[in-house]
Amino acid sequence: MGTPFPLSARVRGLKPSATVAVTSRALELRRAGADVLSLSVGEPDFETPPHVKAAGIAAIEAGHTRYTPVNGLPELREAVSAKFARENGLEYAPDAVTVTSGGKQAIFNALLALLNPGDEVLIPAPYWVSYPEMVALTGAVPVAVPTRAEAGFVLDPEELAARVTPKTRLIVLNSPGNPTGAVYPVEVLEAVVDLARRRDLCLLSDEIYEHLVYDAEHVSPARYAPERTLTVNGASKAYAMTGWRIGYAGGPPEWIAAMNALQSQSTTGACTLSQHAALAALTEHEATARFVAEARSAYRERRNFLVAGLNELGLPTPTPQGAFYVLPDSTHLHPDELEASRLLLERGGLAVVPGTDFGAPGRVRLSYAAGLDTLGEALRRIEAVLTAED
């Protein structure tokens, strides 16, 4: 029996995550006894580094189980500030840094702090599925800016400029990108910053995959326009700390203060134990650097293996320069990407994410955050579905 009280219009218009939907269906099939292999979730398959785990355990034993300041432990914000300076060339004082419960919360807080209903937000497509949904929840309007596979899905500044209107308020950048793995070169970032200055726009730069770059250099756009850029990052991807839920952001102090005010009325501070663990990841440099280098090397090998295999199977796949996803053309499986992903799951026992909610029609996303044996089995299952379809 339905509730007599209708849900809000904003929630009724919210689309569920395609990634979550695919993962849920794969779990259902597994519970029913099916042999299902999943390459759908964007989560490192590596364990959290030992020194980070140890810091979390030590925090429990030391009794660090109480609230922290809303914006994070002072020593963690100092470590984030030092990280931005050391690795990105960005000068954010600790009071211009905030710690959140994952990078997603930092992005959502920023959108709520910066946008008004009716504002337009430019988002290069393909995009992470949550960007347009979060923008829409604020009452603002997401505007997709298409990119081309033959250009490695790198944003074309002219395409971006063509979509700026008097209502445009913000540009979202994600480099390295999910789901494309695109890494924006310096000349592209400089052109975007120039456009933002000329049209008085804000920039939100999601850099959660910054340490997973293979054939390019990661550059933060805030180096060129710190006064109009929010830089978002976190511990999830590079340090294999997805479940610890630690994100952080640096930007203009008034933006950070507004984000802190929002957080004080929603979740308050991030998990205290997780903050102490993240502090170890950011300050025990030698151990962290060794872990990141080993993971990056493994991801590079996996990427090369999977891209070559998909192309050999007739699924044209651009080589990503970062992150741990590939976005092959799936039309050889089926013209519709939803049906292509269904065929792979139902007939091949392989869970991938359709490109629909990524703004990538005719494509599916596979994560290579999995071992080479798993990726080899995935290719065999795709080949079996293709052979059966032929």
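**Salt bridges and nonpolar cores**

Arg380 forms a salt bridge with Glu377, and their closest N and O atoms are 3.1 Å apart. A salt bridge here is a side-chain nitrogen of Lys or Arg within 4 Å of a carboxyl oxygen of Asp or Glu. By this rule the count comes to 19 salt bridges.

This is a predicted model: local features need pLDDT of at least 70, side-chain atom pairs count only at pLDDT 80 or more, and totals for chains, interfaces and linings use all residues. Residues are numbered from 1 along each chain as its sequence is written, and side-chain values use heavy atoms, with hydrogens and water left out.

- Arg380 and Glu377 are three residues apart in helix α13 (residues 372-389), so about one helical turn separates them. Helices (H or I, at least four residues) and strands (E, at least two) are DSSP runs, numbered from the N terminus.
- Arg380 is partly exposed, at 48% relative accessible area. Glu377 is partly exposed too, at 27%. Buried means under 20% relative accessible area, exposed means over 50%, and partly exposed lies in between (1.4 Å probe, protein chains only).
- Arg381 also forms a salt bridge with Glu377, with the closest N and O atoms 2.9 Å apart. These two are four residues apart in helix α13, so about one helical turn lies between them.
- Arg381 is buried, with a relative accessible area of 11%.
- Salt bridges with shared partners join Asp35, Glu377, Arg380 and Arg381 into one network.

- Asp45 and Arg302 meet through their side chains in a salt bridge (2.9 Å, N to O).
- This pair links distant parts of the chain, 257 residues apart. Asp45 sits in the loop between β1 (37-38) and α3 (50-61), while Arg302 belongs to helix α11 (residues 285-312).
- Asp45 is partly exposed, at 37% relative accessible area. Arg302 is buried, at 8%.

**Nonpolar cores**

- The largest nonpolar core has 53 residues, and Ile171 and Leu230 touch the most other members. Helix α8 (residues 186-199) gives the most to this core: six residues.
- A nonpolar core is a set of buried Ala, Val, Leu, Ile, Met, Phe, Trp, Tyr and Cys residues, joined through side-chain atoms within 4.5 Å.
- Leaving aside neighbours within four places in sequence, the contacts of Leu230 include Ala110, Leu203, Trp255, Ile256 and Met259. Contact means heavy atoms within 4.5 Å.
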